[in-house]
Structures are given as C-alpha cells and as structure tokens.
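Trainee: I would like to learn how to read aromatic rings and sheets in a protein model. Could we go through one together?

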Amino acid sequence: LWPPSATIGAITGPMASEDSGEYARIWDGDEHAMLFADEALASLQALVDLHEPGWKRRRVLDFGCGTGLLTARLAPLVAEVVAVDISSAMLDVLAGKSIPNVVTHRGDLLDPTYRATASWLSGFDLVVTSCVCDALVDYPAALRILASALKPGGVLAQWDWIASDDDDDGLRIDVVERALAAADLTCLHLGEAFHIDFEDDDVPVLMAVGMRRLPLLG
Ligand SMILES: C[S@@+](CC[C@H](N)C(=O)[O-])C[C@H]1O[C@@H](n2cnc3c(N)ncnc32)[C@H](O)[C@@H]1O
C-alpha cells in the first residue's frame with residue numbers, strides 16, 4: 001500500500017490491482033515516493049557496484065514499475081530496463097519520460113494467462129521491485145515468478161514497508177526470508193534499509209536481495 005496505513009492522509013486505498021489514474025497523476029510529485037526511489041537505489045548501490053562497466057551490458061526487470069521512478073534511475077547505468085506494471089495510467093507517465101533504453105509491458109505477472117504471452121520474461125541480470133510486493137495477493141508466488149526470470153547468478157532486489165506487531169501493513173522479515181528460500185534464491189541481504197519520514201510517523205523499509213543459484217559444475 002501507499003502510503004503505509006499508519007500514515008494515510010490525503011491518499012487512501014490499495015493500489016494493487018486497479019488502474020490507478022489518481023496515483024499516476026500525483027506519483028512523481030510525491031516527495032516520499034521520490035525519496036523512496038533515491039534510498040532504494042542508494043541501498044542497492046551499497047551492495048552492488050552498478051557503476052562497474054559490465055552493467056552497461058546487463059538487463060534489468062522492474063516489476064510494478066509505476067511511473068518509473070526506479071526505472072529512470074537505473075536506465076543510465078544498464079543496457080536495458082524492462083518495466084512492467086498492471087496500470088496503463090502509470091505506464092503512460094513513464095512513456096512520457098521517453099527514456100531510450102526502457103521497454104514497457106502492461107500486465108499482471110501473477111496471471112498465468114498473461115505470463116503465457118510474456119515471451120520477454122527471462123534472462124535478466126537484475127530484477128527490482130519497489131513498494132509492490134506487500135500489496136500482492138500471493139507474494140511468495142510473485143517471488144518465484146520473478147526468480148525464474150533471472151539468469152543463473154542474477155540478483156533480485158525488493159523494497160517494502162516492514163510490518164510490525166501493531167500494524168500489519170507491509171511484510172514481516174521472516175515472511176520475506178521464507179519466500180526467498182521458497183523461490184530458491186540465496187539470500188545475500190535482508191533487513192531494514194532505510195526509513196521514510198512521514199509527518200506523523202517514521203516508517204521502516206526492508207530490502208531483500210537474493211541471487212538465483214548458479215548451476216553446479218559437474
Ligand atoms: C506503490 S506503486 C510503486 C511504483 C514504483 N515501483 C515506485 O517505487 O515508484 C505499486 C505499483 O505496482 C503495480 N502493481 C501492483 N500489482 C501488480 C501486478 N500484479 N503486476 C504488475 N504491476 C503491479 C501498481 O500498478 C503500481 O504501479
């Protein structure tokens with residue numbers, strides 16, 4: 001959910017499945033959404049050197065890309081970002097940014113019928129998903145689908161609000177840990193990455209980074 005339920009002010013309601021025209025109009029003007037994307041990229045850079053020249057040949061999938069806040073930050077560093085979202089309104093905003101090495105797809109990756117048509121869904125070096133997974137109906141299934149889109153040795157990075165005892169908005173760290181394992185991803189990092197400071201609440205964000213296993217030599 002955005003914003004997290006503890007901080008809901010002007011914007012309310014889940015944005016998981018509806019075609020979020022209202023969100024698309026305001027998203028890029030939301031200072032917290034901007035900060036989230038900046039912090040997500042910085043936390044990834046702290047683990048993975050995206051300025052290493054090899055990244056200029058690598059491909060990234062941004063699942064639930066929205067208006068492309070993270071896509072736009074990653075695109076200059078890599079060969080291509082494939083950005084997928086269920087919302088055409090969000091994707092229209094991203095298309096308006098005319099980023100040359102970004103390809104967009106509209107669809108629900110959790111829908112097997114859509115996935116059967118998504119021949120592009122493989123061979124990624126990096127999959128990112130920012131502030132999406134906590135609102136999904138079946139987060140572990142999503143992680144399995146995203147993991148299978150990685151090359152062996154490829155990395156998935158996820159950011160979401162951390163659920164707490166008195167607020168179940170977000171994901172619990174143990175739930176993420178189990179989902180990484182169930183998706184056969186080696187956990188490289190899991191924990192609180194940063195906070196987003198809303199007026200009445202300071203909300204923690206988790207980052208999970210998992211690697212698709214390399215085949216055993218034999
Ligand atoms: C809170 S927004 C985050 C957007 C972007 N990742 C960011 O950090 O600015 C969540 C996005 O996930 C998309 N989304 C939710 N469920 C999805 C699904 N099953 N398949 C594709 N996109 C989905 C929504 O349409 C929305 O654009």
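Trainee: How many aromatic pairs does the structure hold?

Mentor: Let's begin with a caution: this is a predicted model. Two rings count as a pair if their centres lie within 6.5 Å. By that rule, there are four aromatic pairs here. Take Phe 36 and Phe 194, whose centres are 5.4 Å apart with 85° between the planes. Planes over 60 degrees apart count as edge-to-face, so this pair is edge-to-face.

Trainee: Which parts does the pair of Phe 36 and Phe 194 tie together?

Mentor: Phe 36 belongs to helix α2 and Phe 194 to strand β6, so the pair links parts 158 residues apart in sequence. Both Phe 36 and Phe 194 are buried. They also belong to one aromatic cluster with Trp 161 and Phe 198.

Trainee: What sits over the ring of Phe 124?

Mentor: That is the charged end of Arg 59, 4.4 Å from the ring centre.

Trainee: How many bridges join strand β4 to strand β5?

Mentor: Six bridges join these two strands, which run parallel. Phe 124 stands opposite Leu 150 in β5.

Note on methods:
Residues are numbered from 1 along each chain as its sequence is written. This is a predicted model: local features need pLDDT of at least 70, side-chain atom pairs count only at pLDDT 80 or more; totals for chains, interfaces and linings use all residues. Side-chain values use heavy atoms; hydrogens and water are left out. Rings of Phe, Tyr and Trp (its six-membered ring) pair if their centres lie within 6.5 Å; planes under 30 degrees apart count as stacked, over 60 as edge-to-face and the rest as tilted. Helices (H or I, at least four residues) and strands (E, at least two) are DSSP runs, numbered from the N terminus. Buried means under 20% relative accessible area, exposed over 50%, partly exposed in between (1.4 Å probe, protein chains only). A charge sits over a ring if NZ of Lys or CZ of Arg is within 6 Å of the ring centre and within 35 degrees of the ring normal. Two strands pair if DSSP finds at least two bridges between them.
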